[in-house]
Amino acid sequence: MIKTAITLSLVEEARGGPFVLWDGVESGCKTAARLGYDAIELFAPGPDVVSVDSLKASLDRNQIDIAAVGTGAGMVIHKLNLCDPDSSRRDEATRFIESMIRYGAQLGVPAIIGSMQGRWGGDVSREQAFDWLRSSLNDLGRIAGNEGVPLIYEPLNRYETNLCNTVAEGVDLCQSLETDHVKLLADVFHMGIEEADPAAAMASGKGWIGHVHFVDSNRKAAGMGHLNLGTIAQALIDSDYDQFVSAECFPTPDSETAARNTIKAYQRLFPRPTKTG
Ligand code: LER
Ligand code: MN
């Protein structure tokens, strides 16, 4: 069964970004549970801001799960990325992601590498950047595997990275790694920009995709843009995808409306068998 999640940001520096809930862990868990989501996806400044115990307590109190933890704060707050020409900064980026992998693993969920992947350019050749990226993913994938969770790598649109922009490029990268623990995040917003046929691309990621950001063309809630989300959802269902579709969208016109619009779309696109008897 496909599970539903909604993003919850604790990163003030990311205000204006595509995260739905912003009012703290307890309030976010309460809203997500009230609206019928299965889980929250947490975007935190680092592993030390909310203790695992207090996060678990909020999740338990509100009877909601957690889907994944983001690492983008490493970029947004500390300006760290895996292709920095400075080796000590690259190492810091890798260790920041490791700390988030270990944090998420205590909750049984993966960490996501999105903006922290960086890009090639200037003094850094494309080949060099991919070597560094592969080396970090090998290192971090092994750590995630030892912790019993996957590591999620996200292809991004061309305005955010020049490494992997499509699902096919992400699959190629995963196939070139020495670890099996790296899975892909298919973000429908990025796919709407980069893929010739987002539904076909989603289908082609069968077995590789471990997390989905399910939003619309304009990064508003699912159903508020012009993507044909029905065919994309069907591709996930037909691929026997059984992980999360998560709302990483703008809180427009406000968090509550974006959250309500999203869950309505998810219930329509990913219907669950009705209980009988
Ligand atoms: C992160 O999940 C993402 O999609 C990026 O666009 C954030 O920079
Ligand atoms: Mn995303």
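## A tour of the predicted chain

Start by colouring the protein chain by charge: the mean positions of its 25 positive and 37 negative charges lie 5 Å apart. Lys and Arg count as positive and Asp and Glu as negative, with His and the chain ends not counted; each charge is placed at NZ of Lys, CZ of Arg, CG of Asp or CD of Glu.

Before moving on, note that this is a predicted model, in which local features need pLDDT of at least 70, side-chain atom pairs count only at pLDDT 80 or more, and totals for chains, interfaces and linings use all residues. Residues are numbered from 1 along each chain as its sequence is written, chains are lettered from A and ligands numbered from 1 in the order in which they are written, and side-chain values use heavy atoms, leaving out hydrogens and water.

Next, switch to cartoon view. You will find ten helices and eight strands in the protein chain; these are DSSP runs (helices H or I, at least four residues; strands E, at least two), numbered from the N terminus.

Now show the C-alpha atoms, which fill a box of roughly 60 × 40 × 35 Å along the principal axes.

Buried residues (under 20% relative accessible area, 1.4 Å probe, protein chains only) make up 57% of the 277 residues in the protein chain.

For the last stop, select helix 1, residues 25-35, and pick out Thr31 within it. Is Thr31 buried or exposed? Thr31 is buried, because its relative accessible area is 13%. Leaving aside residues up to four places away in sequence, Thr31 touches Leu21 and Glu256, where contact means heavy atoms within 4.5 Å.

Conventions: Buried < 20%, exposed > 50% of the residue type's maximum accessible area, 1.4 Å probe, protein only.
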